[in-house]
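Here are a few friendly notes to read alongside the model.

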Amino acid sequence: MKNMNTIFSFLLMLVLLSSGSVVASTEVMTAESQKNMTPEQAIEKLKEGNNRFLSDKMLNRDYLDQVKKKALAQYPFAAIISCLDSRVPPEVVFDTNIGDLFVGRIAGNFVTTEMLGSLEFATAVAGAKLIVVLGHTECGAIKGICDDVSLGLLTATLAQLKPSVDNVKAKFKGKTSKDSDFVDAVTMDNITRTVHEIQHKSSVVNKLVANNQLAIVGARYNVETGAVEFL
């Protein structure tokens, strides 16, 4: 009878796997699991989550149970600097648990002093092993700075992206949002420039990277496909 139960359980798991309806473990990140995770493993965990998202095999999670388990402590394994864009929800596209990610969002996914301070908390204090600068295709902020848009306080926000326009504009004849290659080039430059700024404007973050306790990577989300490309 014991063997029959084992076989039945195995067959049931195969059915669930094939249907994409696997029930995830309610285990959330703990101090120990976070401590033992390497930056490279953190990247792989995000890649695996995005692959599940793309294949429509996202894990079924008991979010209310996770809320209870994370009420008194949090141990995220990564921090995401994302655009404000409503089509780019990091927790969803990486198929993560409550308490897995710190997410800082601002139009154009750049960093300010306040955002850098938040990242220092996320990594040096709270123990995250990875920072991802997550840009995306069809970014309204990037298109806005390509067209030199001016609107109230948004003007100052978009000005933060101007260095990336200056870095790539010499390579293009069309320097507006109508030139998709120009927009893509500005998007990519902004991601890589932000990665560089995070490490070199924060001595705290820089030290963690130097000691192999932290990695900083850029990535781009495709709003048409849902795929995340790590750079």
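1. Let's start with strand β4 (residues 215–221): seven of its seven residues are buried, so the strand is largely enclosed by the rest of the structure. Buried here means under 20% relative accessible area, with exposed over 50% and partly exposed in between, using a 1.4 Å probe and protein chains only. Strands (E, at least two residues) and helices (H or I, at least four) are DSSP runs, numbered from the N terminus.

2. A word on the source: this is a predicted model, in which local features need pLDDT of at least 70, side-chain atom pairs count only at pLDDT 80 or more, and totals for chains, interfaces and linings use all residues. Residues are numbered from 1 along each chain as its sequence is written, and side-chain values use heavy atoms, leaving out hydrogens and water.

3. Which residues of β4 point which way? A215, V217, A219 and Y221 point to one side, while I216, G218 and R220 point to the other, and all are buried.

4. On to the partners of β4. Strand β3 (residues 130–136) pairs with β4 in the parallel sense over seven bridges, and V132 stands opposite V217. Two strands count as paired if DSSP finds at least two bridges between them.

5. With strand β5 (residues 228–230), β4 pairs in the antiparallel sense over three bridges. Here R220 stands opposite E229 and A219 stands opposite F230. The two strands form a hairpin with six residues between them, and G226 in the turn has a positive phi of about 90 degrees.

6. Now the whole sheet: it is open, has five strands in the order β2-β1-β3-β4-β5, and its pairing is mixed. Strands β2 (101–105) and β5 stand at the edges with a single partner strand each, so one side of each is left without a neighbour in the sheet. Neighbouring strands are turned by 25 degrees against each other on average, direction ignored. Helix α10 (residues 180–201) packs on this sheet, touching β3 and β4, and its direction makes about 160 degrees with that of β4.

7. Finally, the helix pair. Helix α6 (residues 113–125) and helix α11 (residues 203–210) pack at an angle of about 35 degrees, with axes 9 Å apart. Axes are lines fitted to C-alpha atoms, for helices over the stretch in contact, and angles run from 0 to 180 degrees between N-to-C directions. E120, T123 and A124 of α6 meet V204, V205 and L208 of α11, where contact means heavy atoms within 4.5 Å.
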